[in-house]
Amino acid sequence: MAKILFEKEISSKIPLPVCIINSKGKVVSANEHIGDVFIYDGIEDADFFALTGIKTSDLYSKVDEGTHFFLERNGKQFKLIISRESGEEDANLLVFFYDITNFENLKDRYNDERVCVLRIVIDNYDEFEASTLPEMRMRITAAADSVIRQWAAKNEGSINKLNNSQYVMYCQYSHLENIIENKFGILDEIRQIETEADFPMSLSIGVGVGGKNLITTEEYSRAAMDLARGRGGDQAVIKRVSKIEYYGGKMQTVEKGNKGKSRVIAHALKQLIEQSKKVIIMGHVHPDMDCFGSALGIHRLCAMCGRTAYILLDEVIGSLQEIYEQAKESDNYIFVNNKKAESLADEDTLLIIVDTHRPSYVENRNLLTMTERIVVIDHHRKAEDYVENPILSYIESYASSTAELVSEILQYAAPKKTLIKLEAEALLAGMTIDTNRFAVKTGVRTFEAAAWLRRSGADTAEVKRFFQTDLEAFKIRAKCIAAADFHEKGVATSICEGCNEDAQVVNSQVADELLTIKDIKASFVAGRTSQGKTVISARSLGEINVQVIMEKLGGGGHLTTAGAQVDGSPEEVIEKVLELLK
């Protein structure tokens, strides 16, 4: 009794709300300020868990760790500072309630008033200039300018027009939250503007948030804009300190009609090769036909420049086996494994990466640190992790395949009929499989590149033979199609049983076949490779962005064609996809 009276006397002299609880979680005593926390009269003998939702065992663990709880009660926010009454393990605990309401309000106000930088670009302005009459172009750009300025005014943003197609906008974070909540509705508004062109207008928005100063925040917005444009435009990308978010991306990338950039890249690449003593050509792990064909095409460019080039190919499986054997028997190419490539690489080596731009996907990541002379050629939409600071980067998401980009480079960098028959067929095969036999993501430039390869000696019958699978793979594909499941919103999924060395090809073929079924808008097919790795192929008719879904699984691709290589069983992967679709 004397002890309780002493505790009450001590607590009454403390100018903060405080209570003492015993090891059973009962309130032994509390001072008069406790009313600032709880609206109840007389909380003595009450259960602390019932009052706060905090377990007694958690309180004891927090006092040992030296950390704190936070509690919101009676319209205020409190930080709970906990102390033992004595050194005994089951000693009573003193719980001090430190009012941090003003501090939290100030923090919220600071966060709400942080300046965000939004860079806005009309994606296809150059294409509109080339395909519309001046009067129509003025009307369209005026309509776009009006939509952008009204959107900025609605969100209390300060906006400046940098040139005919670019804007920069500054707004407070509280308004950016409203923009995010509306999922950047301006992307849809711009797309609805009527144009005389055969493609709609679209925007790319790069948002910088949370930099330590305005300069850093502006750098974030530039990085976000690079990602948005590199992923095909028609989307908003938000870059925070260590997080990137994507919104939009509903429209197919518009093909660039002007080949000027291809010509510039071709001459720059040729010059880099001529300045190098050694060249290593590297693709992604588990290379496909597009990757292999592009590597052969770049190898031909190196040979034409009189430079020795090495193609890094550590393992060849499945459908590449036949074309690889032909290339090896020809003695025109030098194939090396990872160990040999690392022994060859030095600071002056030119490393050319084809069909990927992600460090996590390349055949050998160590090579990225062994030389600073790196070239990237890829057609995939730009991902968060990408090879930083290459001396030459050619990432064009409008292209059907890397083979298309390499074919254009060769047209400008090499004299006529430089390619041998096998190289032309390998490039055409890569283009064929990435376009599902010229059915998806195929533009005028795709056909022009294919025609050039045909003139260079590519035999379409031979190309078709590269895609042949054995009878067992055909049976697996047929069984996989028959076992497909159909879900709401036009989604089809299937799982290929067992392990198959041609799993990537089989999955993509099944996914393509499922899209031919009426009312199916997207398909996802998973299976295991002969190494036990789960691979998934995703296809869409455009309404569902399969690239975004595959990115969440660690993969990537395009709006209508994507894939991933993941850990876990095929069943688990399909279940995860269905969760993401919801």
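1. Lys-79 has Tyr-98 in S5 as its bridge partner. The strands involved are S4 (residues 76-84) and S5 (residues 93-99), which pair in the antiparallel sense over seven bridges. Pairing here takes at least two DSSP bridges between two strands; helices (H or I, at least four residues) and strands (E, at least two) are DSSP runs, numbered from the N terminus.

2. A word on the source: this is a predicted model, where local features need pLDDT of at least 70, side-chain atom pairs count only at pLDDT 80 or more, and totals for chains, interfaces and linings use all residues. Numbering starts from 1 along each chain as its sequence is written, and side-chain values use heavy atoms, with hydrogens and water left out.

3. Zooming out, the open sheet has five strands in the order S2-S1-S5-S4-S3, with antiparallel pairing. Strand S2 (27-30) and strand S3 (69-73) sit at the edges, each pairing on one side only. From one strand to the next, the twist averages 30°.

4. Helix H3 (residues 56-65) packs on that sheet and touches strand S1 (18-21), S3, S4 and S5; contact means heavy atoms within 4.5 Å. The direction of H3 makes about 75° with that of S4 (axes are lines fitted to C-alpha atoms, for helices over the stretch in contact, and angles run from 0 to 180 degrees between N-to-C directions).

5. Elsewhere, the axes of helix H11 (residues 289-304) and helix H15 (residues 402-413) come within 8 Å and cross at roughly 15°. H11 and H15 are therefore roughly parallel to each other (angles under 35 degrees count as such). Among the contact residues are Gly-297 and Leu-301 of H11 and Val-406 of H15.

Methods:
Angles under 35 degrees count as roughly parallel, over 145 as roughly antiparallel, 65 to 115 as roughly perpendicular and the rest as oblique.
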